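Hi,

Here is the structure I promised to pass on.

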Amino acid sequence: MHGTLGTGGHGMRMLRRSFWLAVSALSLTGQAFAADAPTAAPAIDITAVLARATLPFELKSERLSGAGADFLLDATKHVQFVLAGENPHDDHLVPMFDRALYRELREHQGFRYAVVEQDPMAIETLSAADAAGNPQKMATALKPYPTMLGFASDEDLAFLGDALSDRGVDDPVWGVEQAQGAVRYLEKLAQLAPTPALRTRTDALLREARSLEADRKGWIQFFGLHSLTTLPALQHLRDDWSPAEGTEADLLLTGMIKSSEIYTYAVRAQAGEPVGLYNNTTREAWLKQGFMRHYRRASTTGAVPKVLAKFGAWHMYHGRSPGSAWTFGNFLHEFAIANGSEAFGIYALASEGPKGWEEIDAWLRPLLPRDEPVTPLVIDLAALRPFAKRYVTGLSAKDADALRDLIHGYEALVVLPHSKPATFGLTGYPHL
């Protein structure tokens, strides 16, 4: 090509020269980029911004009401996933809030599924027991497997009972956590063993698991402290079994092996090996894979599955977790975008006991009232994002990073004051 629009060196030089001559001419006449002189930005009162973003609500009789509840329902109207991150686990009010929130989402927003930080075999056991809506019956079904349900409080059972009671869909609750107990897995494998030799080896592992898991406090023995021997034993069992991919035996063996691998990283890290990160990253990847197995099945109905995710707060960040892993929550945010939708993250923070408000992490203080509020609050974090730099002023570098990550990693902060630890009257099991 020829001329000033060609790709040759002479043409490009002529084009650049013409451009700068035009700019110079405009500058000489005072017309270049004509615009009013910038004016000083108005002062921003970040205290007032926070006050406007803070809305009270009521949590009563498994229902949400008030301005904060209205905000949450409006904000989740068109999202595919709602991410409920809880801090702490085994609290009284947090699962009650999640239960009430899920009721609203089912009735008003078309949500039909809940994905939970629980062992898939535990959820399968509860479903098989036809215990939906009956926490006492759920607890009875769990009695032979003390370690299998990681979060077994009365309040968590009430949430699961509600979620399992939706008869409008198959598989309404998706457990995607790593295996928390080996006994139920090995019981099923013993029934599936294709040869007497494999049955004998499976029975030996089952006896060992029953002995170790008889006490809830010994939950980590099989997969954790003993995993340096358990992991190769499980791997050899799978190698000799050679189950077809996707079969029940394959899923059971792979689930135990992956759990043992994850716990092994934690044990080895405590002994000084630099493998602690893999405990987090491998676990997050496992959660994502488990979710997709359920999601694909739910998608066969033709409707786009709308899902509430109930997990510990570290798992629900949009971005990296405080443990430096790309979270399951981040995956759900990006997956929703890929589906032409969005996700909405809620960080549920409870203060327990008379000194609970004083013990909340210092990095959260810039967003919280000085004194413990009387009613629950919703704080619209998205409204604070343009001013995030102002809210972290004065914090240590570590605390500033933590607060900034929260403001950008969640859409809302829910404050649940005057809570208390969860109760375990139905199962009698303490927290794992």
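Let me begin with serine 321, which touches Trp314 and Thr327 if residues up to four places away in sequence are left out (contact means heavy atoms within 4.5 Å). Before going on: this is a predicted model, where local features need pLDDT of at least 70 and side-chain atom pairs count only at pLDDT 80 or more, while totals for chains, interfaces and linings use all residues. Numbering starts from 1 along each chain as its sequence is written, and side-chain values use heavy atoms, with hydrogens and water left out.

Where does serine 321 lie? In the loop between β7 (307-312) and α14 (328-338); helices (H or I, at least four residues) and strands (E, at least two) are DSSP runs, numbered from the N terminus. Serine 321 has a relative accessible area of 9%, so it counts as buried (under 20%, with exposed over 50% and partly exposed in between; 1.4 Å probe, protein chains only). A polar atom of its side chain sits 3.0 Å from the backbone nitrogen of glycine 323.

Now the helix pair. The axes of α9 (residues 196-213) and α11 (residues 227-241) come within 11 Å and cross at roughly 160° (axes are lines fitted to C-alpha atoms, for helices over the stretch in contact, and angles run from 0 to 180 degrees between N-to-C directions). That is why α9 is roughly antiparallel to α11, a label for angles over 145 degrees. Leu198, Arg201, Thr202 and Leu205 in α9 meet residues in α11 including Leu234 and Trp241.

Overall, the protein chain has 16 helices and ten strands, and 50% of its 432 residues count as buried.

Cheers

Notes: Polar contact = N/O pair within 3.5 Å; in protein donor to acceptor, adjacent residues only side chain to side chain. Parallel < 35°, antiparallel > 145°, perpendicular 65-115°, else oblique.
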